[in-house]
Amino acid sequence: MTSIAIVGAGPQLGLAIARTFGSQGFDVALISRNRTKLDDLVGTLTAEGITAAAFPADVLDRDGLTQALKDAAAQFGGIDVLEYSPVGTFGSTVLTTPVETAPSHVQREMEFQLYGAIAATKAVLPAMREAGTGTLLYTTGAGSIDPVPQVGNVNAAAAALRNWALNLHKELDGAGIQAAHVGIDVSIGMSIVPGFPTAQPEEISPVYWHLHTTKRDQAELVFSR
């Protein structure tokens, strides 16, 4: 049986990715901070005939995140696909322009985006290397590619994650393991910026399936309108 671990699982894109892979027979490990919300997602997926389980962990807690992924691998017989896309709590993330940005403004975002992704990867990559197969997918907003001044600190950390993911793709070339970055150049579900394009999560989630299946040679896909 194949499985996917979704780090940062939520009711929009995370749930859509879970449905996309679950409908193809994947077991789904859902990882985020809130046990109650995870249990709700598990209930939704279970009702749809998808095998899913919750593994609560905070990406800022490296040991906790590593243990959650180890527990998921133990329950499902391994992790075949890792998808990393945690989102900061609305209202708690300080957004700064490049001029306003202090090192501390970027540090938390680096911990959240880049360092969490590295920790998650280290938890699953050794087994993938041993098996000679696997998929590692990392999600950011498209500001990692074309930055926006209003979110300069977030864009800087996202760009670091993108750079690392593209470099990982190069290093793993020929190892049977796909590493790729997904850039999302839309608001998901509803627009919070007037005039900015939107897309439903179900429109975006097939990108991840394509990278896992038919586009394994690509280091990056950008979803845009």
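Which residues point one way from β6, which point the other way, and are they buried or exposed? Here are some friendly notes on this and a few other spots in the model.

1. Some ground rules to start: this is a predicted model, in which local features need pLDDT of at least 70, side-chain atom pairs count only at pLDDT 80 or more, and totals for chains, interfaces and linings use all residues. Residues are numbered from 1 along each chain as its sequence is written, and side-chain values use heavy atoms, leaving out hydrogens and water.

2. Back to the opening question. Ile177, Ala179, His181 and Gly183 point one way from β6, with Gln178, Ala180, Val182 and Ile184 pointing the other way, and all are buried (under 20% relative accessible area with a 1.4 Å probe, protein chains only; exposed is over 50% and partly exposed in between). Strand β6 covers residues 177-184; strands are DSSP runs of E with at least two residues, helices are runs of H or I with at least four, and both are numbered from the N terminus. In a regular strand, side chains alternate between the two faces of the sheet.

3. Tyr138 has His181 as its bridge partner in β6.

4. Helices α4 (residues 103-131) and α5 (residues 152-171) pack at about 20 degrees, their axes 7 Å apart. Axes are lines fitted to C-alpha atoms, for helices over the stretch in contact, and angles run from 0 to 180 degrees between N-to-C directions. α4 is therefore roughly parallel to α5 (angles under 35 degrees; over 145 is roughly antiparallel, 65 to 115 roughly perpendicular and the rest oblique). Among the residues making the contact are Met110, Leu114 and Ile118 of α4, and Leu161, Trp164 and Leu168 of α5.

5. The axes of α1 (residues 13-22) and α7 (residues 206-213) come within 9 Å and cross at roughly 45 degrees, so the two helices are oblique to each other. On the α1 side, Leu13, Ile17, Thr20 and Phe21 meet Pro206, Tyr208, Trp209 and His212 of α7, where contact means heavy atoms within 4.5 Å.

6. Finally, a look at Thr66 in helix α3 (residues 62-76). Thr66 counts as partly exposed because its relative accessibility is 21%. Setting aside neighbours within four places in sequence, Thr66 is in contact with Ala119 and Ala123. The C-alpha atoms of Thr66 and Gly116 are separated by 9.7 Å, with the two residues 50 apart along the chain.

Conventions
Pairing = 2+ DSSP bridges.
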